[in-house]
Amino acid sequence: MKITYLFRARTSNFHSIEQAFSAIFPAIDRSFERELIRLPEPGAGPGAVRRNLRFLRKQQLKGASAGKAKKTTSRKTVCHITGHVNYVALATGRQSVLTVHDIRSALVGPLPVRLIRLIFWFWIPCWIVRRISVISEFTKGELKRLVPFAARKAMVIPNPVLPLFKAHPLPAGKPVQRVLVVGTKANKNLERIVPALEGLGLELCIIGKLADAHIRALEAAKINYSNKHTLPNEELLQCYRDADLLCFPSLYEGFGMPIIEAQAVGRPVLSSDRGAMKEVARDSACLVDPESIASIREGIRRIMEDADYRAQLVAKGFENIKRFGAEKIGEAYIGLYREVLGAGGEK
């Protein structure tokens, strides 16, 4: 029995989905054969969609010929659409799993574009596939409101923390001096983080391309900062190790990977008191109102000034990430695949 994973086209800026699934492959490989197919065309325009669907149909024809030679059938294969290319369910058919990472990022742009994506990214794919995995209860709730019938197919399977992110404890009592911010898109809330840090004497490391407005705000606030982007995992890991605190008061996330990455390394986390962030962090982070500069600042000051509180957050963070172990997440997907196949998962 085989699982065929379908990934979006490779780009230099987007690889989080691929990394998340690569972490669970060792567990999957003990129960199933595995095939990886990467779509050739990036983007979501009509031309890219058409070419990607044509590419998959050619792959299916090749697979059918090979299956006849090996006397295997498509019923023994599950196609897993791993995210952001939901429309390929038009080619993969019923024997498929669709992973939905978030809703809001897909439904942007003019009304006609949003309507097309609503139909071809959500309604039709959710109707076609046998099961849907969502990465948080928050995303499941959003999907249910958008596509009510999808709720009966949906199962929450969180993202795994990558095994690369291992504990690297700070010296006991080390003061907070360096703050890490991951992401610079509007939802990452840098516009409020910067004024919240003003005058606190902290150094800021920002991951992601800065807009001119960000740079002007940082200079006006006289914050000492460094900026990096398009980092390989090893360099991102080093940024977590060099930090004393992750500041992640995001306005919207489907999950919130930086929370569990920082906790795996052993850093206290400040995040949002709503949505997927609250669900992922539970009581293991300092949760603040992301729309309030004063609330963000108060949370940062508390972590800075209370060493015992910092230590509690680190300890709770280590406990929290046990929910997101790659082996545990892999076993959840194995159970889902077996359900779709309607039989055991032996090779």
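I will call a residue buried when its relative accessible area is under 20%, exposed when over 50% and partly exposed in between, using a 1.4 Å probe and protein chains only. On that basis, buried residues make up 49% of the 347 residues in the protein chain. This is a predicted model, in which local features need pLDDT of at least 70 and side-chain atom pairs count only at pLDDT 80 or more, while totals for chains, interfaces and linings use all residues. Residues are numbered from 1 along each chain as its sequence is written, and side-chain values use heavy atoms, with hydrogens and water left out.

The chain holds 13 helices and 12 strands, where helices (H or I, at least four residues) and strands (E, at least two) are DSSP runs numbered from the N terminus. Its C-alpha trace spans about 70 × 45 × 35 Å along the principal axes. Of the contacts (heavy atoms within 4.5 Å) with a separation of 6 or more, 67% come from residues 24 or more positions apart.

Now to the pair: helix 9, residues 257-265, packs against helix 12, residues 307-320, at an angle of about 110°, with the axes 8 Å apart. Here axes are lines fitted to C-alpha atoms over the stretch in contact, and angles run from 0 to 180 degrees between N-to-C directions. The contact is made by Ile260, Gln263, Ala264 and Val265 of helix 9 together with Gly317, Phe318 and Asn320 of helix 12.
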